[in-house]
Amino acid sequence: MDDLAATNGTSTAHGTDGTEGGSASSAETRGSRAQPKTDKSEQTRALILETAMRLFQERGYEKTTMRAIATEAGVSVGNAYYYFSAKEFLIQGFYDRMTYDHAADARSRMAGTRDFAERLEIALTSWLDTAAPYHEFAAQFFRTAADPSSSLSPFSNESHPARATAVELFREVLQGSELAPKLDAELVELLPDVLWLHLMVVVLYWVFDRTEDTERTREFVRRSTPMAARVINLSRYRVFRPIVRDAKGLIQDFILPTIGKTAVK
């Protein structure tokens with residue numbers, strides 16, 4: 001093997017100061033995987049992943065083999081399998097990198113905005129913009145990721161690091177808004193997971209959207225976000241507290257238990 005070890009980090013461009021994207025603060029994402037290192041091992045892993053993403057776009061997911069990826073990246077097939085034990089696990093690497101890039105982009109866009117509905121729409125639109133280059137082959141790998149028993153499902157234990165990064169972003173969406181101090185503390189704790197589930201609905205719609213620049217998905221985000229914000233805002237009022245308690249019970253008993261919480265070692 002050319003390298004001694006592979007890390008579980010995501011891959012991003014490095015700034016001239018050695019930090020990801022040139023910003024040390026953007027790398028401090030609670031719950032995320034270890035961030036990229038500048039050693040040969042991480043560079044090789046990033047090269048394989050970037051090559052795979054390019055070939056998936058050019059040839060399609062099904063027609064791209066691990067051998068083709070290794071050849072194009074200039075590494076041995078054995079080395080490619082060392083970092084990604086099967087082609088499907090490149091999807092996990094894709095999740096990791098895109099989730100990290102999305103979180104960094106959304107934080108930058110939300111800076112200075114306090115309105116909750118605006119912050120939520122910014123976060124969702126940022127995901128659409130970050131994912132846009134991969135839309136053409138998204139449906140191909142979605143078949144694998146959509147299998148609830150697959151380790152590549154967004155709900156699986158193995159997907160916990162990427163999911164935790166996304167949930168933490170939605171925690172910041174809420175806590176950085178003017179709405180958070182007005183809500184029930186227990187609801188504030190649950191909402192980031194629920195907002196991540198809202199993103200999953202957007203992702204599902206996006207995968208099958210064939211309109212130019214996925215305009216229907218963008219319109220769905222524009223129209224659904226204010227409605228979601230109004231519903232959450234109404235939870236502040238006493239008359240709605242019984243409904244809020246029922247909703248919290250449903251979330252705790254039926255939704256959160258279906259989401260893997262622990263990363264498999």
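Q: Why is Thr113 called buried?
A: Its relative accessible area is 16%. Buried means under 20%, exposed over 50%, and partly exposed in between (1.4 Å probe, protein chains only). The model is predicted: local features need pLDDT of at least 70, side-chain atom pairs count only at pLDDT 80 or more, and totals for chains, interfaces and linings use all residues. Residues are numbered from 1 along each chain as its sequence is written, and side-chain values use heavy atoms, with hydrogens and water left out.

Q: Where does Thr113 lie, and what does Thr113 touch?
A: Thr113 sits in the loop between H4 and H5. Leaving aside residues up to four places away in sequence, Thr113 touches Glu118, Arg119, Ile122 and Gly176. Contact means heavy atoms within 4.5 Å.

Q: What makes H4 oblique to H5?
A: Helix H4 (residues 89-110) and helix H5 (residues 116-131) pack at about 135 degrees, with axes 9 Å apart. Angles under 35 degrees count as roughly parallel, over 145 as roughly antiparallel, 65 to 115 as roughly perpendicular, and the rest as oblique. The angle of about 135 degrees falls in the rest, so H4 is oblique to H5. Axes are lines fitted to C-alpha atoms, for helices over the stretch in contact; angles run from 0 to 180 degrees between N-to-C directions.

Q: Which residues of H4 and H5 make the contact?
A: H4 brings Met98, Asp101, His102, Asp105, Ala106, Arg109 and Met110. H5 brings Arg119, Ile122, Ala123, Thr125, Ser126, Trp127, Asp129, Thr130 and Ala131. By class, that contact has seven nonpolar, four polar and five charged residues. Ala, Val, Leu, Ile, Met, Phe, Trp, Tyr, Cys and Pro count as nonpolar; Asp, Glu, Lys and Arg as charged; the others, Gly among them, as polar.

Q: What makes H1 oblique to H2?
A: Their axes come within 9 Å and cross at roughly 120 degrees. That angle makes H1 oblique to H2. In H1, Leu47, Ile48, Thr51, Ala52, Arg54, Leu55, Phe56 and Arg59 meet Ala68, Ile69, Glu72 and Ala73 in H2. This contact has eight nonpolar, one polar and three charged residues.

Q: Which residues of H2 are buried, and what covers them?
A: In helix H2 (residues 66-73), Met66, Ala68, Ile69, Ala70 and Ala73 are buried. The cover includes helix H1 (40-59), helix H3 (77-83) and H4.

Q: Why is the pair of Trp127 and Trp206 called edge-to-face?
A: Rings of Phe, Tyr and Trp (its six-membered ring) pair if their centres lie within 6.5 Å; planes under 30 degrees apart count as stacked, over 60 as edge-to-face and the rest as tilted. By this rule the count comes to six aromatic pairs. One of them is Phe94 with Tyr134, edge-to-face at 4.9 Å centre to centre and 75 degrees between the planes. For Trp127 and Trp206 the centres are 4.9 Å apart and the planes at 85 degrees, which is over 60, so the pair is edge-to-face. Trp127 is in helix H5 and Trp206 in helix H8 (residues 185-207), so the pair ties together parts 79 residues apart in sequence. Both Trp127 and Trp206 are buried.

Q: How many helices and strands does the protein have?
A: Ten helices and zero strands. Helices (H or I, at least four residues) and strands (E, at least two) are DSSP runs, numbered from the N terminus.
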